[in-house]
Amino acid sequence: MSADSAAGSAAGSAGSAAGPAGESARGHVLILGGTTEARRLAEALERAPYRVTTSLAGRVTAPVLPPGETRIGGFGGPAGLAAWITAHRVTHLVDATHPFAERMSFNAAEAAALSGVPLLALRRPGWSPGPGDDWHFADSLTEAAALLPGLGSRAFLTTGRMGLHSFAHLTEPWFLVRSVDPPAAPAPPRLEVLLARGPFTLDDERELLARHRIDVLVTKDSGGSATAPKLTAAREAGIPVLVVRRPPVPRGVAETSSVEQVRHWLDH
């Protein structure tokens with residue numbers, strides 16, 4: 001989730017800050033979302049005595065909106081987020097952003113400190129290699145691009161369209177990129193784009209790897225089950241997987257991987 005837009009922009013918001021629902025609720029929960037976990041939390045709180053607002057970055061043209069109120073766009077950094085929290089009487093802040101949205105997680109921690117609102121991070125567990133996996137690790141997309149030519153020549157690149165520029169200088173490998181929206185330049189010259197929205201089944205991933213003769217999979221350690229079948233398909237096919245490790249997260253922030261634990265935190 002990005003924090004580059006103007007602070008507290010009303011134009012990016014669906015749902016008002018006032019009204020009977022907000023007045024009768026036990027509190028106002030702001031979910032920094034854009035993930036499956038964020039949507040599941042919003043669904044779990046749909047009948048709870050809380051006003052719930054989910055904030056989305058706006059990077060996807062037609063996002064699947066969760067239940068409750070939504071706002072789209074950034075806040076203008078931690079100070080802007082803190083100002084929005086105060087102006088909209090937020091009582092609980094949940095950071096359920098993507099594991100690679102590191103800037104937003106740090107902004108959330110600083111905004112919680114500035115506003116005095118409690119913060120809980122809802123983070124999905126990362127992936128771990130199992131028997132039969134051939135995994136190679138990189139600390140960044142730049143490092144992954146440097147390692148890639150030694151692992152294969154037909155890459156299934158699943159690191160997100162926003163990071164495609166890191167591979168743009170690679171002229172020899174052929175890339176298959178799957179994303180909800182078309183990627184923007186710069187991009188590798190030998191590129192095929194598949195527009196699709198997950199989740200994807202194991203059969204889907206098996207067929208895709210075979211049809212495109214993929215010999216290396218590149219992914220971020222996003223975790224979760226929605227995109228995990230590609231890892232199983234790669235293992236079955238004996239394909240190496242180049243995994244970009246997760247960035248650091250703010251220290252001292254309470255976290256959980258369970259929606260039910262978030263409910264318990266809110267209720268107690």
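**Close-up views of salt bridges**

**View 1. Glu255 and Arg123 pair up across the chain.** Glu255 is partly exposed, with a relative accessible area of 48%. Partly exposed means between the cut-offs for buried (under 20% relative accessible area) and exposed (over 50%), with a 1.4 Å probe and protein chains only. Arg123 is buried at 15%. The two form a salt bridge, with the closest N and O atoms 3.3 Å apart. A salt bridge here is a side-chain nitrogen of Lys or Arg within 4 Å of a carboxyl oxygen of Asp or Glu. Glu255 sits in strand E13 (residues 255-256); Arg123 is in the loop between strand E6 (119-122) and strand E7 (135-138), 132 residues apart. Strands (E, at least two residues) and helices (H or I, at least four) are DSSP runs, numbered from the N terminus.

The model is predicted: local features need pLDDT of at least 70, side-chain atom pairs count only at pLDDT 80 or more, and totals for chains, interfaces and linings use all residues. Residues are numbered from 1 along each chain as its sequence is written, and side-chain values use heavy atoms, without hydrogens and water.

**View 2. Asp181 and Arg161 form a salt bridge.** Their closest N and O atoms are 3.9 Å apart. Asp181 lies in the loop between strands E9 (174-179) and E10 (191-195), and Arg161 in the loop between E8 (154-158) and E9, so the pair ties together parts 20 residues apart in sequence. Asp181 is buried at 11%. Arg161 is partly exposed at 23%.

**View 3. Glu236 meets Arg206.** The N to O distance is 2.7 Å. Glu236 is in helix H7 (residues 229-237) and Arg206 in helix H6 (residues 202-211).
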